[in-house]
Amino acid sequence: MTEVSNETRFLHAVQMGLGAWQWGDRVVWGYGQTHTDEDIRKAFDVSLSMGVRFVDTAEIYGSGYSERLLGQFLKDTEQPILIATKYFPWPWRFSKGFIPRALKGSLERLGVESVDLYQIHWSTPLMSPETMMEGMAECVKQGLTRTVGVSNFGQKTMIRAYTTLARYGIPLASNQVHYSLLNREVEKNGTLARCKELGIRLIAYSPLEQGLLTGKYSSENPPPGVRRSQYTELLKKLPPVLKLMQEIGLSHGDKTVSQVALNWLICKDALPIPGAKNATQAEQNAGGAGWQMTEDEVAKLDEATDHIREYATQ
Ligand SMILES: NC(=O)c1ccc[n+]([C@@H]2O[C@H](COP(=O)([O-])OP(=O)(O)OC[C@H]3O[C@@H](n4cnc5c(N)ncnc54)[C@H](OP(=O)(O)O)[C@@H]3O)[C@@H](O)[C@H]2O)c1
């Protein structure tokens, strides 16, 4: 087990974050129809008031609008907020020089001089992890980001990124991946274990499986838009899992299904970053932290979801 480095220790102290993909995204999240800027501001404010201090955004969310909104909110608060954003190697930005340039664009939209975590959004065969990390090292050198992370990196590319950064004396701070009770791929393929071993913080995106783990959707009442077809099969298998989650929630003083889903991730040593469209959702999600289910309950949830989908073996 590698010691967590001093530079990235702050990330391991964060229990709960807030995802900002919903901020300005119309295609998947219906921004402008289901939620407005005012709703988003309230979601941000309530998160802060409940101790959530880590916000995850990206240059592509709402084509930069998510970063701009966060920048506005930051101006109106004295509270220290940890900011994470991401580089997407598109369109055709496959050489290392694009990375610090893109980060400067993000910083301008955010209205800050540096971020706490800069992540590569996706790996691509058109840009090696070595080239990506050389660009990221340049960002650290120029003082544009405090730490470096990756996202959607499998174990092999993650290790290449880790090794390249090590040559510059920079630790790989995090790997942001899809992880929820309904998608346990990172447990099955060894990525979670490898992260723990190397002191890399595993950040769990879609921790509520895009709303399925809130208990409000079912086969009879599926989620709208693109989520509807994506989740047809999983929705059929959901009722017994939700029932168990409700029972566990009740035994901890009326915790909601969403809070149980998020707490399970905390118990797995992951950092969940649920997206919220309004204050009610944000408030509930913040309550996923600050308590802990028992080992026995974690084991029961593991058992209930073990075969909920098929996982590729490595
Ligand atoms: N690195 C990547 O490639 C990547 C990919 C995906 C996401 N992310 C990051 O991870 C964050 C979270 O993932 P996600 O947005 O995909 O999914 P999620 O957090 O699992 O689900 C968010 C959605 O669930 C519903 N919801 C949330 N809290 C709720 C509550 N308490 N009660 C009822 N409904 C609730 C809302 O949608 P409805 O109300 O419409 O149901 C909300 O938009 C994103 O914002 C983003 O920052 C990163």
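Visitor: At what angle do helix H10 and helix H11 pack?

Guide: This is a predicted model. Helix H10 covers residues 232-250 and helix H11 covers residues 257-267. Their axes are 8 Å apart, and the packing angle is about 90°.

Visitor: How is H10 oriented relative to H11?

Guide: The angle between H10 and H11 is about 90°. Angles of 65 to 115 degrees count as roughly perpendicular. H10 is therefore, relative to H11, roughly perpendicular.

Visitor: Which residues make the contact between H10 and H11, and how many of them are charged?

Guide: H10 contributes Leu242, Met245, Gln246, Ile248 and Gly249. From H11 come Val257, Gln259, Val260 and Ala261. By class, the residues of this contact are 6 nonpolar and 3 polar, with no charged.

Visitor: How do H5 and H6 lie relative to each other, and what is the hand of their crossing?

Guide: The axes of helix H5 (residues 129-141) and helix H6 (residues 155-167) come within 9 Å and cross at roughly 40°. The two helices are therefore oblique to each other. The crossing of H5 and H6 is right-handed.

Visitor: Which residues form the contact of H5 with H6, and how many are charged?

Guide: On H5 the contact residues are Pro129, Glu130, Met132, Met133, Glu134 and Ala137. H6 supplies Thr157, Arg160, Ala161, Thr164 and Leu165. The contact of H5 with H6 has 6 nonpolar residues and 2 polar ones, and the number charged is 3.

Visitor: Which peptide bond is cis, and where does Pro91 lie?

Guide: The bond from Trp90 to Pro91 is cis, with omega near -5°. Pro91 lies in the loop between strand S3 (82-87) and helix H4 (98-110).

Visitor: What is the phi of Trp92?

Guide: Trp92 lies in the loop between S3 and H4. Trp92 is not a glycine, yet its phi is positive, at about 60°.

Visitor: Which helix gives the most residues to the shell around the ligand?

Guide: There are 30 residues around the ligand, and Gly19, Trp21, Leu208, Gly211 and Gly275 come nearest. The shell divides into 10 nonpolar, 16 polar and 4 charged residues. The helix that gives the most, with 3 residues from the stretch 279-286, is H12.

Visitor: Why is the protein described as being as compact as a globular protein of its length?

Guide: The protein has 13 helices and 8 strands. For 314 residues the globule rule gives 20 Å, and the protein is as compact as a globular protein of that length because its radius of gyration is close to that value, at 19 Å.

How values were computed
Residues numbered from 1 in each chain as written. Predicted model: local features only at pLDDT ≥ 70, side-chain atom pairs only at ≥ 80, totals over all residues. Near = placed C-beta within 6 Å. Helix = DSSP H or I, 4+ residues; strand = E, 2+ residues; numbered from the N terminus. Nonpolar A, V, L, I, M, F, W, Y, C, P; charged D, E, K, R; others polar. Axes fitted to C-alpha atoms, helices over the stretch in contact; angles between N-to-C directions. Parallel < 35°, antiparallel > 145°, perpendicular 65-115°, else oblique. Left-handed = near helix turned anticlockwise from the far one by under 90°. Contact = placed C-beta atoms within 7 Å. Rg over C-alpha atoms; globule rule 2.2 N^0.38 Å.
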